[in-house]
Amino acid sequence: MSEHCKFLLADSQVPSVWVNVLPSLRQPLDPPLHPRTRQPLKPEDLAPIFPMSLIEQEFSPQPEIDIPGEIMDIYRMWRATPLYRARRLEKALDTPAHIYYKYEGTSPAGSHKPNTAIAQAWYNHKAGVRRLATETGAGQWGSALALACTMFGMECTVYMVRCSYDQKPYRRMMMNTWGAEVFPSPSDHTEAGRRALAAAPDSPGSLGIAISEAVEDAATHSDTNYSLGSVLNHVLLHQTVIGQEAKLQMREAGEEPEVIIGCFGGGSNFGGLALPYVLDRLAGRGPRILAIEPVACPSLTRGKFEYDYGDTAKLTPLMKMYTLGHDFVPPGIHAGGLRYHGASPLLSALVAQGVIEAKAYLQLPVFDAAVQFARTEGIVPAPESAHAIRAAVDEALAARESGRSKVILFCLSGHGHFDLAAYEAYLGGKLQNGLPASAAV
Ligand SMILES: Cc1ncc(COP(=O)(O)O)c(C=O)c1O
């Protein structure tokens, strides 16, 4: 076992393939359904909003997909990301557990999101698409796509969930700096937005509504495609560079993780770290795998595993997933990226099969852990990522109780430099726990 607290890889060790678990599943996923006919979707149904290369990746039977050289060149600007052992946090917790975290906040946008944004923008650029439209919750995904579009000389339009738009003006400015236009959602720019505003003029917005706006924008402009930052198979595929690197780095550290943890919005950072380990689980070995969501938006722990729309206006295909209902609007918690009513169909199936566990936390204990992490490890985490920290801390405390060591690995999906309003509320004693108002949950 190494004495170091930081594990780095050479540029030559950055993974050159994405890992696809679809062909290894015990049973194939239920197909997405057409939103109007409710018949299984055909690849060409998606062609108005996605390039064919990404549609192929969505359903690919290949166990590995080569990463194109131009994408590798951009990945290498910040990848491989570091893996840390949280020795100072371990000491503060007085735990025999070993806590490791894979830090994705070193990308220019500050999170894991560019891993897929760069890939999606590149494939769209190659297909001759001029502009990408998308939604953003916390602002991390919008920033990542704005960055990716500027790298390939493309235009970018971002529908930003209203409560995040108000909470994070500098995330918006970052996107503007990279050349993107940003609208608060619901906006009067689209039919879906105007309908949501008519129903609730003060709506805090939701990812479901913002997705409707972005999909409508793409579907009604021939030079524009849609880009999604989570949930879909090809998005999780692009994120598997995280878990592949982590495996090499854990080997360098001389340890095998016994539990893998990630926060869960739509599932992309969690899937990115976990999917290479899921392959081990499906082969009969491998660690426990734990997805963490907010009590405010508990898709995996309180949702139903059924077909639902990915957006509020029912423009997207129906997907079999854990869902709180496509019209669910969660309270405006600070982890904006975890305010999604649904979940990745792939990860939903793995939860339903018992391969992955899920757990939900309230906002206050999450921020207790975030501040403890900042005061020991130094990094101020994104509120989303802090959900994973809370769970890692609880696993480490359980190890202390049982007197048994445990190797914990979690994904620190991003930094919280644009989330300081949340920290201000917490430190000022004004932060609420964020309970959902709906009786449904
Ligand atoms: C830092 C960070 N972590 C996690 C998430 C949640 O998304 P996902 O579940 O796709 O990783 C987001 C979403 O915006 C995010 O910004």
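Figure 1. Helices here are DSSP runs of H or I with at least four residues, strands are E runs of at least two, and both are numbered from the N terminus. Ala, Val, Leu, Ile, Met, Phe, Trp, Tyr, Cys and Pro count as nonpolar, Asp, Glu, Lys and Arg as charged, and the others, Gly among them, as polar.

A word on reading these views: residues are numbered from 1 along each chain as its sequence is written. Since the model is predicted, local features need pLDDT of at least 70 and side-chain atom pairs count only at pLDDT 80 or more, while totals for chains, interfaces and linings use all residues.

**Figure 2. Helix 11 meeting helix 12.** The axes of helix 11 (residues 241-253) and helix 12 (residues 268-282) come within 6 Å and cross at roughly 60°. Axes are lines fitted to C-alpha atoms, for helices over the stretch in contact, with angles running from 0 to 180 degrees between N-to-C directions. The crossing is right-handed, meaning that the near helix is turned clockwise from the far one by less than a right angle. Helix 11 contributes Ile242, Gly243, Gln244, Ala246 and Lys247 to the contact, and helix 12 contributes Gly272, Leu273, Ala274, Leu275, Pro276 and Tyr277; residues are in contact if their C-beta atoms, placed from the backbone, lie within 7 Å. These residues divide into 7 nonpolar, 3 polar and 1 charged.

**Figure 3. Helix 9 and its neighbours.** Helix 9 (residues 207-219) has 13 residues and reaches 18 Å from its first C-alpha to its last, close to the expected 18 Å; the expected span is 1.5 Å times one less than the number of residues. Because 12 of its 13 residues are buried, helix 9 is largely enclosed by the rest of the structure. Buried residues have 20 or more other C-beta atoms within 10 Å of their own, exposed ones 12 or fewer, and partly exposed ones fall in between, with C-beta atoms placed from the backbone. The buried residues of helix 9 pack against strand 6 (131-136), strand 7 (155-161), strand 8 (181-185), helix 8 (191-199) and strand 9 (224-226).

**Figure 4. Two cis peptide bonds.** The bond from Arg79 to Ala80 is cis, with omega near 0°, and Ala80 lies in the loop between helix 2 (69-75) and strand 4 (83-85). Another cis bond joins Ser185 and Pro186, with omega about 5°; Pro186 sits in the loop between strand 8 and helix 8.

**Figure 5. Arg38 and Lys314, with positive phi.** Arg38, a residue other than glycine, has phi near 60°. Arg38 is exposed, with 10 other C-beta atoms within 10 Å. Phi of Lys314 is likewise near 60°, and Lys314 is found in the loop between strand 12 (304-309) and strand 13 (318-323).

**Figure 6. A close look at Ser299.** Ser299 belongs to helix 13 (residues 299-302) and counts as buried, with 33 C-beta neighbours inside 10 Å. Its C-alpha atom is separated by 5.6 Å from that of Tyr322, 23 residues apart along the chain.

Conventions
Contact = placed C-beta atoms within 7 Å.
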